[in-house]
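Here are a few notes to go with the model. Have it open while you read.

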Amino acid sequence: MSKNMKHLLFIFLFPIICFSQETLNDVEILIQNKEFVKAETTVLKYLETSPEDITALEFLGDVYGHQQHWEKAIDVYKKLVNTKPDVANYHYKYGGVLGMKALQNKFKAIGLIGDIKSSFTKAAELDKNHIETRWALVELYMQLPGIFGGSKSKSLKYAAELEALSTVDGYLAKGYIYEYDDEPELAEKYYKMAIEEGGSLTCYSKLTTLYENENQPEKAIKTIEEANTKHQRNALHYQIGKVAAEYNIQLEKGEQCLQIYINNYSAKDGVPKAWAHYRLAQIHTHKRNKTKALEHIDLAITELPKIKPFKAQKEKILEL
């Protein structure tokens with residue numbers, strides 16, 4: 001082939017290559033923005049002309065997974081595992097969607113357990129630094145009954161591997177194991193160690209949830225306040241109000257925090273304002289302030305009319 005012909009071929013191919021990359025970039029952005037239906041349509045159209053594109057196939061598996069189309073996701077990830085058997089992340093994702101299918105159908109779960117374990121184990125073997133896989137194995141071996149291979153010692157083994165990769169993840173994993181095994185004092189110990197080591201919102205959240213589950217709301221509120229001092233997130237005001245409302249404690253503080261949450265609310269806070277009004281309605285119900293309770297529950301129902309707890313709370317208020 002002459003130099004001129006090669007140059008001409010390059011000119012023709014270059015726009016196609018650029019277009020392909022641009023399309024996949026668009027798909028990635030759509031996934032990040034949680035526009036999964038658009039992402040699916042875009043990547044399927046792209047795969048019509050590039051059916052073996054590995055990146056596109058992974059995106060397709062991801063959008064199927066986000067939409068809980070487990071069977072379709074399984075088919076895609078299985079193809080990726082067969083095509084690229086040395087890529088740990090493909091085994092991890094394959095095991096993950098198999099696990100979600102197992103949760104959805106308990107009758108099929110028994111037949112899937114072997115493939116789930118082997119997929120996660122293979123991913124861990126292929127990538128000694130794959131944190132997500134080790135988390136999956138910690139949870140899997142704790143949740144499986146002993147007859148199907150569940151094992152606290154195996155969970156602790158992978159928690160130790162996590163700790164070697166990320167001290168915080170290791171502490172959180174051990175906290176999870178002991179919380180699951182109904183050893184709250186040890187769980188508290190490791191969650192506190194995670195806070196001391198990393199101090200992320202996740203660390204504080206795990207300890208807060210433990211205290212709530214152990215019916216220790218005062219400790220839960222104190223932990224959330226510590227988190228707010230460090231991270232200053234509006235969402236934490238809602239969490240304080242939620243605990244106050246649910247446990248009928250520190251009602252003045254709970255009311256104040258919920259009002260702050262509502263006044264400073266933005267979409268990034270996550271929990272809709274309707275739920276803050278619901279918590280305020282609960283607080284005023286505890287105070288036996290019927291007028292205020294009705295005011296807030298009506299605001300909650302107006303914003304989210306289909307939420308059953310809101311309607312149940314209104315009935316309770318009307319009985320005051």
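1. H11 is the biggest contributor to the lining of the second largest pocket, giving six residues. Helices here are DSSP runs of H or I with at least four residues, numbered from the N terminus. H11 covers 201–213, and helix H12 (217–231) and H13 also supply at least two residues each to that lining. One caveat before going on: this is a predicted model, where local features need pLDDT of at least 70 and side-chain atom pairs count only at pLDDT 80 or more, while totals for chains, interfaces and linings use all residues. Residues are numbered from 1 along each chain as its sequence is written, and side-chain values use heavy atoms, with hydrogens and water left out.

2. The second largest pocket has a volume of about 250 Å³. Of its 13 lining residues, Leu 201, Tyr 204, Ser 205, Leu 236 and Gln 239 are the closest to the centre. A pocket is an open set of points on a 1 Å grid over the protein atoms alone, where a 1.4 Å probe fits, with protein on both sides within 12 Å along at least five of seven lines; lining residues have an atom within 4 Å of a point. The volume is the space filled by probe spheres set on the points, which are joined across faces, edges and corners.

3. Now the largest pocket, at about 890 Å³. It has 28 lining residues, and Gly 96, Gly 99, Met 100, Leu 103 and Leu 140 are the closest to its centre. Helices H3 (54–66), H4 (70–83), H5 (88–104), H6 (106–126) and H7 (131–143) each give two or more residues, with the largest share, eight, coming from H5. The lining divides into 18 nonpolar, five polar and five charged residues. Nonpolar means Ala, Val, Leu, Ile, Met, Phe, Trp, Tyr, Cys and Pro, charged means Asp, Glu, Lys and Arg, and the others, Gly among them, are polar.

4. Two residues deserve a look at their backbone. Most residues other than glycine have a negative phi. Gln 68 has phi near 65° and sits in the loop between H3 and H4. Gln 250, in the loop between H13 and H14, has a positive phi of about 45°. Gln 68 is exposed, at 53% relative accessible area, whereas Gln 250 is partly exposed, at 27%. The cut-offs are under 20% for buried, over 50% for exposed and partly exposed in between, with a 1.4 Å probe and protein chains only.
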